[in-house]
Amino acid sequence: MNPDRRRPAVRRAARLVPSAAVAALLLPLTACDDAGGLRSAGATPTAVGPVRLWPDLPPVTAPPLDYGESDTRRVPGLRVPADGVRRVDPVAVVRAELAADPDGAGGGDGMDAATARAVRRCAAEPEACPVLRPYHRDLTGDGEEELIVAVRMADQLVAVRCYRAEDGGLTRVMSTVEQLVSVELAGRDLILRAVSAGIPGYEYRTAWSWDAQQGTMLPARDEIVRVKPKPPRPGPLPSPPAGPGAAAESGTDAGQPGADAGQPGAGGGAGAGVGAP
């Protein structure tokens, strides 16, 4: 046979070999794609935008005072050392504020008369001082610590106040009074958990955050949260029954040796009487 006539067949076979190899490589990939392919999660709800109610309400002409301005107050007559608020006595801070506002005219964050008297006697009666141990945290994000103070008051109320060092003095940037369950720090937020009056089984949670525009701490998040009821505590064990069988049930039967009588050499009539007819 003429060799030239076999060349087209060879060329066709050469073209078929790569095609078969590619097909062999694609088969595993197709199988993997079938096994791990995307699956539908079902129908998704249609997004519904907010609907404005009462659109004809007139615009506000006199906006109220920005919340938080009244909470900023300079502590009179008190200087902050150069090394920060850790050297500041919290009792001295509260007393300085009481001296400037003896009648609690500052509003809802004022103190009752009994608490004010106890604060003034903290030096003489430290065990009865209502000012709790202070904490120091950077609440503003400027790298400097703030002073966090709490004062126990009447009716299970607790006053929480935060102070910032400014221009060598101290400025109060937060103040509130609550029946507190707990106080927590989460990052730079101060979270207060308080009793929810009139709603059993719930509590208020308020996250106070620094607002640079106002220069004060503001309640950025406020919510009412349902709390799980605590399981009842187990009561005391019942008393052993009284009567003739009480001694036997309690393991102190007269027929058993006592603490002293059953020991050799305990002596005395008690030992002699055990087991006597």
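# Questions on a predicted fold

Q: Which residue's side chain makes a polar contact with the side chain of Asp-83?
A: A polar contact is a pair of N or O atoms within 3.5 Å; within protein, one must be able to donate a hydrogen and the other to accept it, and residues adjacent in sequence count only if both atoms are side-chain atoms. The side chain of Asp-83 has such a partner at 2.9 Å, and it belongs to Arg-87.

Q: How far apart in space are Asp-83 and Glu-144, C-alpha to C-alpha?
A: In sequence, Asp-83 and Glu-144 are 61 residues apart. In space, their C-alpha to C-alpha distance is 10.0 Å.

Q: How many helices and strands does the protein have?
A: Along the sequence the pattern is α-β-α-α-β-β-β-β-β-β-β-β-α-α. That gives 5 helices and 9 strands.

Q: What share of the 277 residues is buried?
A: Buried means under 20% relative accessible area, exposed means over 50%, and partly exposed lies in between (1.4 Å probe, protein chains only). Cys-162 counts as buried because its relative accessible area is 0%. Across the protein, the buried share is 26%.

Q: Against which elements do the buried residues of α2 pack?
A: Helix α2 covers residues 90-100, and its buried residues include Pro-90, Val-93 and Leu-98. At the start of α2, a side-chain oxygen of Asp-89 comes to within 3.2 Å of the backbone nitrogen of Val-91. An α-helix has 3.6 residues a turn, so residues three or four places apart point the same way. The buried residues of α2 pack against α3 (113-120), β3 (146-152), β4 (158-166) and β5 (169-178).

Q: Why is β3 described as largely enclosed by the rest of the structure?
A: Strand β3 has 7 residues. It is largely enclosed because the number of them that are buried is 6.

Q: Which residue of β3 stands opposite Tyr-135?
A: Two strands pair if DSSP finds at least two bridges between them. Strand β2 (residues 135-137) and β3 pair in the antiparallel sense over 3 bridges. The β3 residue opposite Tyr-135 is Ile-148.

Q: Which residue of β4 is the bridge partner of Val-151?
A: Strands β3 and β4 run antiparallel and are joined by 6 bridges. They form a hairpin with 5 residues between them, and Asp-155 in the turn has a positive phi of about 60°. The β4 partner of Val-151 is Ala-159.

Q: Is Gln-156 buried or exposed?
A: Gln-156 lies in the loop between β3 and β4. It has a positive phi of about 60° although it is not a glycine. Most residues other than glycine have a negative phi. With a relative accessibility of 67%, Gln-156 counts as exposed.

Q: What is the relative accessibility of Asp-167?
A: Asp-167 sits in the loop between β4 and β5. Its phi is positive, near 50°, in a residue other than glycine. Asp-167 counts as exposed because its relative accessibility is 74%.

Q: Which strands are at the edges of the open sheet of 4 strands?
A: The sheet has the order β6-β7-β8-β9, with antiparallel pairing. Each edge strand pairs on one side only, and the two are β6 (180-186) and β9 (216-226).

Q: Which residue of β8 is the bridge partner of Val-195?
A: Strand β7 (residues 189-195) and strand β8 (residues 202-211) pair in the antiparallel sense over 6 bridges. In β8, the partner of Val-195 is Glu-203.

Q: How far apart are the sulfur atoms of Cys-122 and Cys-129?
A: A disulfide is a pair of cysteine sulfur atoms within 2.5 Å. A search of the whole structure finds 1. Cys-122 and Cys-129 are both buried, and their link is right-handed, with 80° about the S-S bond. Their sulfur atoms are apart by 2.0 Å.

How values were computed:
Residues are numbered from 1 along each chain as its sequence is written. This is a predicted model: local features need pLDDT of at least 70, side-chain atom pairs count only at pLDDT 80 or more; totals for chains, interfaces and linings use all residues. Side-chain values use heavy atoms; hydrogens and water are left out. Contact means heavy atoms within 4.5 Å.
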